Amino acid sequence: MVYQHGGDERSVVIELNSPKKRAHTVTVLFILTCVLVYVTLLEETPQDTTYNTKRGIVASILVFLCFGVTQAKDGPFTRPHPAYWRFWLCVSVVYELFLIFVLFQTVRDGRQFMKYIDPKLGVALPERDYGGNCLIYDPGNTTDPWHNIWDKMDGFVPAHFLGWYIKTLVIRDWWMCMIISVMFEFLEYSLEHQLPNFSECWWDHWIMDVLVCNGLGIYAGMKTLGWLSMKPYQWQGLWNIPTYKGKIKRMAFQFTPYSWVKFEWKPASNLRRWLAVLGIIFMFLLAELNTFYLKFVLWMPPEHYLVLLRLVFFVNVGGVAMREIYDFMDDPKFYRKLGQQAWLVAAITVTEFLIVVKYDPRTIMLPIPFFVTQCWFLGIVLILSWTFLPVSSSVVEHSNNDKNVYIP
């Protein structure tokens, strides 16, 4: 049986018809038990309270991950293996619990707690200002008049490109990606009085970020989406392929989707979809802002591995969450509740923001300049006005269609 909606085959059922993958529940339980027996009977416990506390917390997390990888409910993705996505679901739970713990600490204790993760943390760090001299060509510098451009060419340039390439694969819509990209630059303009890190040159905002890094990333992502949508999804078992070249190709394609669903957001089709798309854009922007504010309030340098791990985490959970949101929004009769990964991502994003608010309310409450407030007010009015007519027209059209239905 294949479930269809709007002419598109839903891959969730196609994936359910794929060959079942064993979770190896007994094997994992046996290995876990052997490790615990070894630690209990054969290993001497060190007389170091701090070390034992860290070790006990790590062991507890690993046991929970073992349970989740083998027992948690599968999500919409099955490639490269369902256990991979179950692992990231359990990591989401652990991360949310960690955030809740940090939220319930005092500001001083929360920042000092980071020293247990890395002794180098817990120290206030200066914020780098990307503004200053904004001349593209500086004739006053005879050695290198293009030094302002080269100074901006740091590791964040390829990170911007790669980030927006992945975000495009997650959102699967050019317009939404461009709106989020441009909106975030406006947010940086609006909040540079709070974080000096947001202070950038105009050409850094609109040329290097929006047009070059973000734009090329979105373009490459859309090209990849086009290839994935046209690619035939007919799978053959590895041992049924006669040639070594075919086997290697099949192994590489194991890391591509089992099937493909094109996202058609249609935000102006009805009020429910419009509010859903607004919520998605808002949560995306909030998660982006959390990246900068969290490292500011928790005193983490931008190059710290925890900042990178958080980005890797959102890369892995974002695609699943967006697919669950789309299914829930597109067909609420079939998907009666929001998916588990989408629920956790939303909770994590909100909890991160609450930590920012609690740890540095003075920065968050700095008054926004009046002209910035005017611009945002005008933009919100224009967006609502632009969408009000299509949404209202759609509602009236559906109402008229219902009245014209003939019931014998």
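Trainee: What should I know before I start?

Mentor: It is a predicted model, where local features need pLDDT of at least 70, side-chain atom pairs count only at pLDDT 80 or more, and totals for chains, interfaces and linings use all residues. Residues are numbered from 1 along each chain as its sequence is written, and side-chain values use heavy atoms, with hydrogens and water left out.

Trainee: Which residues does the UniProt annotation "transmembrane region" cover?

Mentor: The unreviewed UniProt entry gives 23-42, 54-72, 84-104, 203-222, 274-293, 305-326, 338-356 and 368-389. UniProt positions are in the numbering used here, feature names are shortened, and annotations may be inferred rather than shown by experiment.

Trainee: How much helix is there over residues 54-72?

Mentor: That stretch is 95% helix and 0% strand, with its end C-alpha atoms 26 Å apart. Residues 305-326 are 100% helix and 0% strand, and there the end C-alpha atoms are 32 Å apart. Helices (H or I, at least four residues) and strands (E, at least two) are DSSP runs, numbered from the N terminus.

Trainee: Switching to the backbone, which peptide bond is cis?

Mentor: The bond from Arg79 to Pro80 is cis, with omega near 0°. Pro80 sits in the loop between α3 (49-71) and α4 (82-103).

Trainee: And what is the phi of Arg172?

Mentor: Phi of Arg172 is near 60°, a positive value in a residue other than glycine. Arg172 belongs to the loop between α7 (156-171) and α8. Trp299 also has a positive phi, about 60°, and is not a glycine; you'll find Trp299 in the loop between α11 (271-297) and α12 (305-330).

Trainee: Is Arg172 buried or exposed?

Mentor: Arg172 is buried, because its relative accessible area is 12%. Trp299, at 21%, counts as partly exposed. The cut-offs are under 20% relative accessible area for buried, over 50% for exposed, and partly exposed in between (1.4 Å probe, protein chains only).

Trainee: What does Ser190 touch?

Mentor: Leaving out residues up to four places away in sequence, Ser190 touches Ile368, Val372 and Trp376, where contact means heavy atoms within 4.5 Å. Ser190 lies in helix α8 (residues 174-191) and is buried, at 8% relative accessibility.

Trainee: Which residues form the nonpolar patch on the surface?

Mentor: Phe30, Ile31, Val35, Val37, Tyr38, Val39, Leu41 and Leu42, with about 820 Å² of accessible area together. Phe30 is in helix α2 (residues 25-41) and counts as exposed at 56% relative accessibility. Patches take residues with over 30% relative accessible area and no salt bridge; like charges are joined within 9 Å, nonpolar side chains (Val, Leu, Ile, Met, Phe, Trp, Tyr) within 5 Å. Areas come from the Shrake-Rupley method with a 1.4 Å probe, and for residues only the protein chains shown count as cover.

Trainee: How many salt bridges are there?

Mentor: The count comes to eight, taking a side-chain nitrogen of Lys or Arg within 4 Å of a carboxyl oxygen of Asp or Glu. One of them joins Asp74 and Arg86, with the closest N and O atoms 2.5 Å apart. Asp74 is in the loop between α3 and α4 and Arg86 in helix α4, so the pair ties together parts twelve residues apart in sequence. Arg86 is buried at 7% relative accessibility, whereas Asp74 is partly exposed at 42%.

Trainee: What about Arg323 and Asp327?

Mentor: Their side chains meet in a salt bridge, 3.0 Å from N to O. Arg323 and Asp327 are four residues apart in helix α12, so about one helical turn separates them. Both Arg323 and Asp327 are buried.
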